[in-house]
Number of protein chains: 2
Amino acid sequence: MKRITIKDIAREMGLHHSTVSRALRSRSEINQATREKVLKYAALKGYQVNRNALQLRGSGSNIIGVIVPNIHHSFFSNFVSIITRLAFEAGYIVAVFQSEESVEQEKEILKSIIQQNIAGVIASISMETTDTSHFQQLDHYKIPMVGFDRISSSLKTSTVELDNLSTLRNVVTTLHSRGYTKIAYLSGNPSIHLYQERQKGYFGGLKAIGTSYQKCLQLTDKFTIEQGYHATEKLMEAPEKPDALIFDSHILACGGLQYLKKQGDRLLENTGIATFGGHPWLSISAANILFIQQPEDQIAKATFDLLMENIVHPTQVKTTALKFQATLI
Amino acid sequence: MKRITIKDIAREMGLHHSTVSRALRSRSEINQATREKVLKYAALKGYQVNRNALQLRGSGSNIIGVIVPNIHHSFFSNFVSIITRLAFEAGYIVAVFQSEESVEQEKEILKSIIQQNIAGVIASISMETTDTSHFQQLDHYKIPMVGFDRISSSLKTSTVELDNLSTLRNVVTTLHSRGYTKIAYLSGNPSIHLYQERQKGYFGGLKAIGTSYQKCLQLTDKFTIEQGYHATEKLMEAPEKPDALIFDSHILACGGLQYLKKQGDRLLENTGIATFGGHPWLSISAANILFIQQPEDQIAKATFDLLMENIVHPTQVKTTALKFQATLI
DNA sequence: CAACTTTATGCACACGTGTGCAAAAAATGT
DNA sequence: ACATTTTTTGCACACGTGTGCATAAAGTTG
């Protein structure tokens, strides 16, 4: 059976398709009696509008593109989940794209986004991305974009992120107040703004507590459990080993804790741990963990609202930059 | 700046748009010289095809819809991640929909899917869904669908799932071989085929090891950590308490382990634990856990391949039902 | 009841693309 | 050089929808 169209209804009811269109859309300009008849008949036949025709004609698209490195990461999956819910409530659907930390993939994604006539984009850029010029195609097609989490100063879009600097600063001082003095940090690639800020915060925190010990490992590849394991191993076997570890991701933390557990000797219990994400899974571990909790709901909501603002009012391109505070628990 | 179209190129090159179209698509029927000229000019101008026009005209859609209860669950996020990757490689993009375990939401999603002219659907139905008739609209619009994980026998689509019966059976016998005799099971709503099968497997396993002890708690709501906590509490405070627990989800397991850890008295170490998912997060815990690992890659790949088969050859509607074996580690 | 105003419907077009068909151009054969 | 075949291009239409404009119908006023 073929799809039922506005023209089918028109023919079967002895009307013109424009009349049917008006009956379904406008509420003036149309006889109330025929309107109701059409609505009834359309409902009966299970008519559903063809969005492709709508979009082709010029009504905006209702697809929002979300670009994340990979959706199989609880921070991003949670984020996408919330965005998807908000979008659906607002009458939009969400197309997910995974850059897999590759610029080439990112370029392909943008091509696809343009071909699909996507209404707006929410993106967290890949680790590999230093040149962000491919995102600027969006400008040309007037597709609004909001960056979140992994943002770049070279892109002058609205952005939403954690206040990474002050967060790391607080983590260090909090660990210090719990009695730890040799605080090491497993971080990411400083070419990414986010990690750069966090590292600044880390060093700022160390300065604030007045310690000379510092150990910041910069992992430039994609985070894996193995990486966390080996990086922790490396840190703990160094001449002056730390008594507390800060992980930039629960994935790294997982590897790190595996190492500590394996070493035995109450190393797991006696080492201070702080990590982004991972709560509540890690809370079962014997370790005493300081969780750095991002307000993911707020971040997602703010990101979505900013994008909507840009979609609905495409004229004023005020680029807002929002920062949220993390909670340490 | 407006979007550049095939007509723009035609006008600017003094050709007819149909010629440009042929230059971009077909490789016969066109002078190679003009073809190259057009390709070059199109590349220069950054021409991107308008998929809405394509779809309207009748070329199939390139959007695949994936319906899951919620994407913020590692099993589903991993699944969607793999599907998204496979789809993108095949030239498709993925739209994600979350039923949130609600039939009403599911109905809205199907409406949206039909309006969008989606090429095919991959779905895991919601817990609330007993009547699956809303999925049958898809038949009417000739939109192929493949069910996975949460499937229903009333839907005669192709399906991909774990061999749940034999898996649970194996879990029970494995726990028994490790010395546990009083094996309890925290399961889901038996109105869902998946959980029904697992429960059959559980009882089958008990029978095989020849024990009379049986304790199967059926949780009908959405799984939460709190639920896992309280259900475990309830089980462990029962007159004849179990010495091993099987969890149907790592979310329940997390709550359960939290309870066991809190009780102290080496309860965590001495209780046998088996759970779906959650590896490797839970592996840091002191508990000795038997992980029930689904071959998610294979499941996703098989699901995607089946859908593709149905999209490419819409005529033969052979409904395949695939089952995969879990690994216990 | 005629003249005018309001309301309701039909007509035609546009959006961007691909394709069957016809016409034009080029190539081939005699 | 002309007839025939092949290649290349142009034309027109379709896909489903909404809207400006014209026309028809209905309602209002004097």
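Two strands pair if DSSP finds at least two bridges between them; strands (E, at least two residues) and helices (H or I, at least four) are DSSP runs, numbered from the N terminus. This is a predicted model, in which local features need pLDDT of at least 70, side-chain atom pairs count only at pLDDT 80 or more, and totals for chains, interfaces and linings use all residues. Residues are numbered from 1 along each chain as written, chains are lettered from A and ligands numbered from 1 in the order written, and side-chain values use heavy atoms, without hydrogens and water.

In chain B, strands S8 (residues 244–247) and S9 (residues 272–276) pair in the parallel sense over four bridges, with B:Leu245 opposite B:Ile273. Both strands belong to an open, mixed sheet of six strands, ordered S7-S6-S8-S9-S10-S12. Its edge strands are S7 (215–218) and S12 (327–328), each of which pairs on one side only.

Of the DNA strand C atoms within 4 Å of the protein, 62% belong to sugar or phosphate and the rest to bases.

| Side chain | Atom of DNA strand C | Distance |
|---|---|---|
| A:Thr34 | phosphate oxygen | 3.3 Å |
| B:Arg22 | base oxygen | 3.5 Å |
| B:Arg25 | phosphate oxygen | 2.3 Å |

Note on methods. Near = heavy atom within 4 Å. Polar contact = N/O pair within 3.5 Å; in protein donor to acceptor, adjacent residues only side chain to side chain.
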